[in-house]
Amino acid sequence: MMTATAPAERDRRITELADPESGHDRSRIPGGRRSPAQVALHVLLAGMAVFVLMPVILVVSTTLKTPADVRVNPFGLFSSFSLQNIIDAWTVGRFSDYVLNSFLLTVPSTAIVVVVSVMAGYTFARLPFRGRTVLFYLVVLGLLVPFFTYMIPLYFQLRGMGLLDTLPGAILVLASTGTSFGTFFMRAFFSDLPQELEQSARVDGASEVQIFTRIMLPLVGSGIGALTVFTFLANWNNFLIPLLYLPSGDFRPLTAGLYMFTSGRSLDIGPLAAGTLITILPIIVLFVVLQRQVTQGFISGAVKG
Amino acid sequence: MSTASRSLAPTVTRRAQARLGIVLVLPVMIVTALFFLFPLGNAVYYSLVDFDGLNPNPPFVGLGNFIRMVEDPAVWHALGNNLIWILVGTAAPMVVGLLVAMLLWTVRRGGAIYRVIFFLPYVLPGVAIGIVWGWIYDPVNGLLNQFLRSIGLGAWATGWLGEPDLALYAVLLTAIWAGTGFAIVIFLSALRNVDTELVDAARIDGANSAQRLWFIILPQIMPVFLMVLTLTLVGGFSVFDIIFVMTAGGPANATEVLGTYAYDQAFVLNNIGYGTTLALLITILSVPIAVLLNRLQRRLSLQGTGA
């Protein structure tokens, strides 16, 4: 009983951090719900929200213009309506390919990061062996060294391995940039689980594998969920890896495709806006639907770091 | 915790744990060795040779690349831009983030909606952000110039990204727009853990709101403050995407930073050895700062829990 409540307690705490309506005792703040101070506060915050959302509004507005209107007045807000830009971007602009490639790169690399990090995180938290600390520092070194530092040698290494300009090569590199954080993150979750849990399971005759898969793994579900969303976003948004390691363009994802579109035909603002919208729409949907998990993931990731 | 289990567990258990541990840790070690440690070692090697990307046996030049780097005025120029980027790009999100978090802390209803909106730019890809902000800064039709004209400041309208004196700060503003949401959300979560009884006690003792912020609230969120500081500072050295997309280091190198300069040297000019040396400089500069701030943060968190 005792042992099972502790991780739940931790989850509740993190959820509270991410939930504005709980945790803090609102009754202490002076001023009623409709007090002038609260109204002024909302006016100020709403103004800031419009400023923050303006670039996104601009993308939607320019996407939905008629091509003729884009040529005359590309950034006037919502002055005409047409779906032509989306159709052009999807077909002529090859954004249908880019969407597919983005999923082909992001889904497997995210899966690899999560599986590998869960396994390693469990080991570094709960399975001691000689030399483990050194291995942990080697993995976590990846958090300190920017990708920039070794991206150039990695290019020639991939070329030598025959992995340059291939999906598996880009997927493995994307995955490798996420495993340091993932391992570190999952280790923190497994470390929080109480010692008594595995001891009692061991007394009951559970093997080490069973303790990991049947007892420990189900208790870090929230951590796995947060890591999955976090890694998916990071890999979907990654620009440098496809730019460098997928040069021919056959497997170009949305970010690199969008960049190539700007350098190729910079005057086609309508389809470019549509392409930008296609790139950010999945992220916005994912973020709004899972906003609690996303912010929780970022907060606990940062706080644990 | 791990040392306790080692001393308590019987030998059979310890052996079984070690066996499983080695199996479970193998994949991450393979990935780390192959795609991180090996290229990192190669980066050190590349910095000591004059590699053009073709010659399989590039000539050894010792510290030649490093000497060239110190004597290259473009490096110092880029480094200066990195410093501006780090100072402004760290200070602004920290200050604005704290202020907005304090506002959200005191709002009674609807705080969740603002939080989602403010955080959104942080999860968007740098390429998309760069493209859209390029339109906002557009000299003819850009929203910024339209706005300035509409409020009678048309004289200020200019080609923001084309002016060498302004371009870096224009891109910086975009980065601040994109990054401040992270600071807001983290600070807000830290503020929720602030002991409100202490704040109330200070209020009763006659502390004004500035004093309450400085003496009561800030010390309690200091570890989180330092953590955000570390992440933003270190990110400031390796900034790339947003500058690469918006200005590519131009106009006339006005926005060149170490990242874009290293990229150009390696992938445009084929000076692989030199480009790698520049990229190594980014690590050499950022790692000590990260370690130092992390130590400080740890010490403060320990003090916080101890008191």
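Student: Why is A:Arg94 called partly exposed?

Tutor: In this predicted model, A:Arg94 has a relative accessible area of 33%. Buried would require under 20% and exposed over 50%, so a residue in between is called partly exposed. A:Arg94 therefore counts as partly exposed.

Student: What makes the contact of A:Arg94 with A:Asp97 a salt bridge?

Tutor: The closest N and O atoms of A:Arg94 and A:Asp97 are 3.3 Å apart. The rule asks for a side-chain nitrogen of Lys or Arg within 4 Å of a carboxyl oxygen of Asp or Glu, so this pair qualifies. A:Asp97 is partly exposed, with a relative accessible area of 33%.

Student: Is A:Glu208 buried or exposed, and how do you know?

Tutor: A:Glu208 has a relative accessible area of 8%. Buried means under 20%, so A:Glu208 is buried. A:Glu208 also forms a salt bridge with A:Arg202, with the closest N and O atoms 2.9 Å apart.

Student: How do you know that B:Asp200 and B:Arg203 are separated by about one helical turn?

Tutor: Both belong to helix H9 (residues 196-204) of chain B, and because they are 3 residues apart there, about one helical turn lies between them. B:Asp200 is buried, at a relative accessible area of 16%, whereas B:Arg203 is partly exposed, at 36%.

Student: Which residues are joined into one network by salt bridges that share partners?

Tutor: The network consists of A:Arg126, A:Glu198, A:Arg202 and A:Glu208.

Student: Which residues form the nonpolar patch on the surface?

Tutor: The patch is formed by A:Met161, B:Leu26, B:Ile30 and B:Leu34, with about 340 Å² of accessible area together. Helix H2 (residues 11-47) of chain B gives the most to this patch, with 3 residues.

Student: Why is helix H6 of chain B called mostly covered?

Tutor: In helix H6 (residues 126-136) of chain B, 10 of the 11 residues are buried. Among them are B:Trp133, B:Trp135 and B:Ile136. Each buried residue has under 20% relative accessible area, so the helix is described as mostly covered.

Technical notes: Residues are numbered from 1 along each chain as its sequence is written. Chains are lettered from A and ligands numbered from 1 in the order in which they are written. This is a predicted model: local features need pLDDT of at least 70, side-chain atom pairs count only at pLDDT 80 or more; totals for chains, interfaces and linings use all residues. Side-chain values use heavy atoms; hydrogens and water are left out. Buried means under 20% relative accessible area, exposed over 50%, partly exposed in between (1.4 Å probe, protein chains only). Helices (H or I, at least four residues) and strands (E, at least two) are DSSP runs, numbered from the N terminus. Patches are made of residues with over 30% relative accessible area and no salt bridge: like charges are joined within 9 Å, nonpolar side chains (Val, Leu, Ile, Met, Phe, Trp, Tyr) within 5 Å. Accessible areas come from the Shrake-Rupley method with a 1.4 Å probe; for residues, only the protein chains shown count as cover.
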